[in-house]
Amino acid sequence: MKIVVAEKVSSAGLELLKAEQWDVVQPAGKDELYAALADADALIVRSAVKVTAELLSRAPALRVVGRAGVGVDNVDLEAATRQGVLVMNTPGGNAVSVAEHTLALMLALARAIPQANQSIKEGRWEKKQFMGRELRQKTLGIIGLGRIGVEVSKRARALDMMVLAYDPYVTPVVAGEAGAELVGRERLLQESDYISLHVSLTPETAGMIDAAAIAKMKPGVRIINCSRGELIEEAALAEAIRAGTVAGAALDVFAKEPPPPGHPLATLPQVLATPHIAGSTEEAQEIVGSRIAEQIREYLKSGMIINAVNVPAPSPEEYRNLKPYLQLGERLGAFIAQIAQGRLRAVHIGYSGKLAQMNTNLLRNSALQGILNRVLDEKANMVNAAAIAADRGIAVEESRGPRTGFADSILVSMNTDAGGASAEGMVLHGQFPRLLAVDGIHIEAPLAGNLVFFKNQDVPGVIGRIGTLLGQHKVNIANFSLGRAEAAPAGGGPAEALAVVHYDGPRVSDSLLQELSQSEAVRFVRAVDIG
Ligand code: NAD
């Protein structure tokens, strides 16, 4: 494997990759970077290198881009997805750093530390002017109790503060463990002495601290924002500070960074500001460097997807449960793509039993990957399969239901302009993909290696003839499975039957397939390569 590390990441992370005996390259400058990318499997960046469509086009073997950090504004996610390149980041790696900065800002607000420091620097000794207040027994309101909010809460509790939290997406148990009382938005605004923002930026949260919200706050409240500048309507906050209803604010982030000259919040004396540095610590850099290296190692070694930003991925625990079914989905897709005729129009994927309760995005993509790689020139993988299908106008539908038989199963159907095909399968002993039915006819067969698939009339002599012909051509049969429709056709005559022959050795020749199809009772023969 070749890993290109385009920006400085922690040495612990690099060591982890080198320990795999992988080629870890740290190019200096754009030309070296482009040259190194020609046969790279993975690329690690921070925020300076722009991973554009052009850069990606120079990396035809690339499988993963790792962003050591959170924001992925420097990565063209759409281009990466189309190229089948997984993009991952390391959310939460700097949660403690941001939380500590938040506490530092809160303490600095309470004790006017920057102003006191400035006064000393200017040769004054103004003890009376800097009368402070304790944080003890004051109420901190945390809006957004995610990774950072939780760390802030725990630390505020250590300062003997009371913590209220507003977050509609967390449970009281999570809040309780962080030492916070989960409350509604109104109560938090009304009762907090300090309000600290830790929500992500969404259409719902943008501008959430506006004049109306400020009007509900306790007079003399102090506001801290180490989250995103866009959460606050800056003009409304500046106005409230001038009016004295908000006693002060500490801001690490602004709607536009850096704030334009003369920006009121950057100049008001009651506002303490830092240049978006809450997450920037040596420790956070170490953590994100090691994490991105670990995530890339897992993906390249076992396919496990952690913190992907261009594929909706399950948790690591769910992934372990899903893994054998990903192979099943891909093989079912590959199987039906090789037996179906006509132009692909739509794909339907049905999940039963425990699979129906899981995150099925990857299952869907694996089934599509199996189909598309047999149908298109373009190489589909777990990352880009859904995007390729959408591009080609192939409708993809999914459905979920309870277990119908004795196993959790996946049913993949293709609809084509000549009819289509469907196959249902399960995983045996936690690892072996098996066919359960084809086109609604029950048949049990291993879903592996080289197969010959038959559709025939259920009349005597067909199986014997297939066996004899394969034997004459020195094809060793590993497994011979049969199935037939439960009812005879409406118009009378023999029932429709299926056979799946799993054999050793390379793919059978076209002339043998031709011979196998000669019998009048055999309606359809295909060599199927499952891989
Ligand atoms: P997170 O996803 O773990 O937490 C966000 C929380 O917000 C979640 O618990 C979510 O349920 C909650 N939330 C979403 N919508 C909400 C709403 N309408 N009302 C209330 N709560 C809502 O994210 P995180 O890692 O804790 O990061 C939080 C913020 O901090 C992000 O905006 C991130 O960009 C920012 N951040 C800033 C810095 C910095 O240097 N200043 C560094 C890292 C992260």
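## Second largest pocket

The lining of the second largest pocket divides into nine nonpolar, nine polar and five charged residues (Ala, Val, Leu, Ile, Met, Phe, Trp, Tyr, Cys and Pro count as nonpolar, Asp, Glu, Lys and Arg as charged, and the others, Gly among them, as polar). The model is predicted: local features need pLDDT of at least 70, side-chain atom pairs count only at pLDDT 80 or more, and totals for chains, interfaces and linings use all residues. Residues are numbered from 1 along each chain as its sequence is written, and side-chain values use heavy atoms, with hydrogens and water left out.

About 550 Å³ of space lies in the second largest pocket. Of its 23 lining residues, R63, Y299, Q369, N381 and M382 are the closest to its centre. Two or more lining residues come from each of α13, α14 (316-339) and α15 (361-375); α14 gives the most, five residues. Because domain 1 (2-91 + 283-302) and domain 3 (314-439) both give residues to the lining, this pocket lies between them.

A pocket is an open set of points on a 1 Å grid over the protein atoms alone, where a 1.4 Å probe fits, with protein on both sides within 12 Å along at least five of seven lines; lining residues have an atom within 4 Å of a point. Grid points are joined across faces, edges and corners, and the volume is the space filled by probe spheres set on the points.

## Largest pocket

The largest pocket holds about 1,500 Å³ of space. It is lined by 48 residues, of which V70, G71, I148, S227 and R228 are the closest to its centre. By class, the lining has 19 nonpolar, 20 polar and nine charged residues.

α5, α7 (147-158) and α13 each supply at least two lining residues, and the largest share, three residues, comes from α13. Domain 1 and domain 2 (95-273) both contribute to the lining, so the largest pocket lies between them.

## Helix α13

Helix α13 covers residues 282-302; its 21 residues should span 30 Å at 1.5 Å a residue, and its end C-alpha atoms are 30 Å apart, which agrees. The expected span is 1.5 Å times one less than the number of residues. Helices (H or I, at least four residues) and strands (E, at least two) are DSSP runs, numbered from the N terminus.

G303, with a positive phi near 80°, follows the helix.

## Domains

The chain is divided into domain 1, domain 2, domain 3 and domain 4 (446-531), with bounds from an automatic or database domain assignment. The C-alpha centres of domain 3 and domain 4 lie 24 Å apart. Contact (heavy atoms within 4.5 Å) links 13 residues of domain 3 with 15 residues of domain 4.

## Local backbone features

E257 and P258 are joined by a cis peptide bond, with omega about -5°. P258 sits in the loop between β11 (246-251) and α12 (264-267).

H429 is not a glycine, yet has a positive phi of about 50°; its loop runs between β16 (419-428) and β17 (432-438). At 66% relative accessibility H429 counts as exposed, the term for values over 50%. K474, also other than glycine, has a positive phi near 60° and lies in the loop between α17 (462-472) and β20 (477-484). K474 is exposed at 75% relative accessibility.

Methods. Buried < 20%, exposed > 50% of the residue type's maximum accessible area, 1.4 Å probe, protein only.
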